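Have the sequence and the 3D view open as you read.

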Amino acid sequence: MSASTASARPSLLALTTQVLRSPASILEGRDPRDVLATTLGPLLILSVVGAAIFGAVVGSYRGGLQYLYAPLKMPLLLLVPLLVGLPAVRSLYRACEVSVGHARVVLAAVVGIARAALLAATVGPFLWLPYSLDIDYHVAVLMMAGALLLTGGIGVVTMIGLLPGGGRHRWLAHVASLAVLGALWAQSGWMLRPFVVRPSADVTLWRPVESDIVSGLQAAWRSARGDYRGWHAEPGGLLGRRRAAGSPEGSR
Amino acid sequence: MSGLPGEIVAAGVGGLGLWVGVAYVIVGAVVAVGLGRRGVPSPTAISALGCWPLLLPLLSGAAVPARSSGPFAARIERGLAELRETMADPAAEDVALPADLEGLALDLHRADERLAMVDRLLGTVGDGREAPGDPAVAEGLIALRRARAGAAAEVVAVLDGIVQLRLQIGLRSLAGNSVPVRERLRDLRARLAAVDEIAALELCTP
């Protein structure tokens, strides 16, 4: 790669401004593969740093080791679903007659994630204050989920905006992609929990793999109706295995 | 085992998780080396260790075209970006981006780099401030200027050809005519390749 291309690489600060103020300008009039080659590294750095800051804020609810664990896991929560789901997303767009290259899909997704991570970091102080006031555990979980939904939603809208326009079935592709990525994000969150740890529970890096997000939601739904039987989700599937006796529970 | 490493290993779903993790990192290292050889910047190549599935587009097709710094660099970039945009438009159905487009981009940038080199040469040797005393040098300068003008004209013609191709794609979306995109791009590449032969012929002819 020529020196001119290397000099065209934006600084982290300039890229942060672009991601937050005009993400479309990152791609404007340039070959997506060229942009991917020069900006993927910096975009990943922004994503990891932003998510880690948000993770530190979430970890502050429990404190102690969770100050380390939550910032380690939060970037994984944002990035792992992309690694797994982007080929499916691209296939969905092509199936819906939206002609889009692999590099363009990757760039749009990574820019969207970087924007979501940076916004999550900016939301951090609004969570930190109530977390430091010893609010109820369930409220803390809801606040974290709300912040992730808000910033993640903006990230998804950013990603969609960076994909090519037109096409009769474009919205079908958007909805299908959102469903695929949403399911992956939900399951990743389930596998990587706990983020906010219940004050009475032990701090662990992650809980044993037990079933999936759907069975967890079913158990939560039953509990909400006063039926506490079967709260512990049954192990199942390829990754399911039995919980070790005496392992910590009750945290998200 | 206790502490963070112990937690990671314990949660690794037994040996399977460990082996999958090791295989993932090995594939990432192979992708990183491949990207490094193709001229991708180091930070991006290193990020392949953790995120190699995101970087696979850079391994397929031709090497990432290095942007030239010649007299037509900006026009080449703009023309190619507009052509990609036109071909990627959903209204331009069934017009896939062929690998020949990346090849054409490389050829154009190489031709532009050669023009830039010749311009630098002419700027230092034949800048017009003083006539060269040696008649052979004067003749060489004239031949080089002629070859340079011919090569620049061909690059301009290829760029015009790219605009024509875009117009044809637009016409096809309305009239339904077939557009042999791949053949057109090959023609344009052949035209650029012919520049070298013409320049060689002119430089050899006394």
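Let's start with the aromatic pairs: over all chains, the count comes to two. To pair, rings of Phe, Tyr and Trp (its six-membered ring) need centres within 6.5 Å; planes under 30 degrees apart count as stacked, over 60 as edge-to-face and the rest as tilted. Keep in mind that this is a predicted model, where local features need pLDDT of at least 70, side-chain atom pairs count only at pLDDT 80 or more, and totals for chains, interfaces and linings use all residues. Residues are numbered from 1 along each chain as its sequence is written, chains are lettered from A and ligands numbered from 1 in the order in which they are written, and side-chain values use heavy atoms, with hydrogens and water left out.

**The two aromatic pairs**

- A:Tyr61 and A:Tyr131 make an edge-to-face pair, with 5.5 Å from centre to centre and 70 degrees between the planes.
- A:Tyr61 sits in the loop between α4 (32–59) and α5 of chain A, while A:Tyr131 belongs to helix α6 of chain A, so this pair ties together parts that are 70 residues apart in sequence. Helices here are DSSP runs (H or I, at least four residues), strands are too (E, at least two), and both are numbered from the N terminus.
- A:Tyr61 counts as buried at 12% relative accessibility, and A:Tyr131 is buried with a relative accessible area of 2%. Buried means under 20% relative accessible area, exposed over 50%, and partly exposed in between (1.4 Å probe, protein chains only).
- Over in chain B, the ring centres of B:Tyr24 and B:Trp52 are 5.4 Å apart and the planes sit at 40 degrees, so the pair is tilted.
- That pair ties together parts 28 residues apart in sequence, because B:Tyr24 lies in helix α2 of chain B and B:Trp52 in helix α3 (residues 42–55) of chain B.
- B:Tyr24 is partly exposed at 24% relative accessibility, whereas B:Trp52 is buried at 19%.

**Salt bridges**

- How many salt bridges are there over all chains? The count is three, where a salt bridge is a side-chain nitrogen of Lys or Arg within 4 Å of a carboxyl oxygen of Asp or Glu.
- B:Asp160 bridges to B:Arg75, with the closest N and O atoms 3.3 Å apart. B:Asp160 is in helix α6 (residues 135–175) of chain B and B:Arg75 in helix α4 (residues 73–88) of chain B, so parts 85 residues apart in sequence get tied together.
- B:Arg166 bridges to B:Glu82, and their closest N and O atoms are 3.1 Å apart. This pair links distant parts of the chain, helix α6 and helix α4 of chain B, 84 residues apart.
- B:Asp119 bridges to B:Arg148 with closest N and O atoms 2.7 Å apart. B:Asp119 lies in helix α5 (residues 99–125) of chain B and B:Arg148 in helix α6 of chain B, so the parts tied together are 29 residues apart in sequence.
- B:Asp119 is partly exposed at 28%, and B:Arg148 is partly exposed at 21%.

**Nonpolar cores**

- In soluble globular proteins, nonpolar side chains tend to be buried together.
- A nonpolar core is a set of buried Ala, Val, Leu, Ile, Met, Phe, Trp, Tyr and Cys residues joined through side-chain atoms within 4.5 Å.
- The largest core has 70 residues, and A:Val196 and B:Leu54 touch the most other members. Helix α6 (residues 102–131) of chain A gives the largest share of this core, 16 residues.
- Not counting residues up to four places away in sequence, B:Leu54 is in contact (heavy atoms within 4.5 Å) with residues including A:Leu36, A:Leu82 and A:Val110.
- A second, separate core of 22 residues includes B:Leu108 and B:Leu185.

**Chain A in outline**

- Chain A has nine helices and zero strands.
- Of its 252 residues, 48% count as buried.
- Among chain A contacts between residues at least 6 apart in sequence, 74% join residues at least 24 apart.
- Is A:Gln66 buried or exposed? A:Gln66 counts as buried because its relative accessibility is 0%. A:Gln66 is found in helix α5 (residues 66–95) of chain A.
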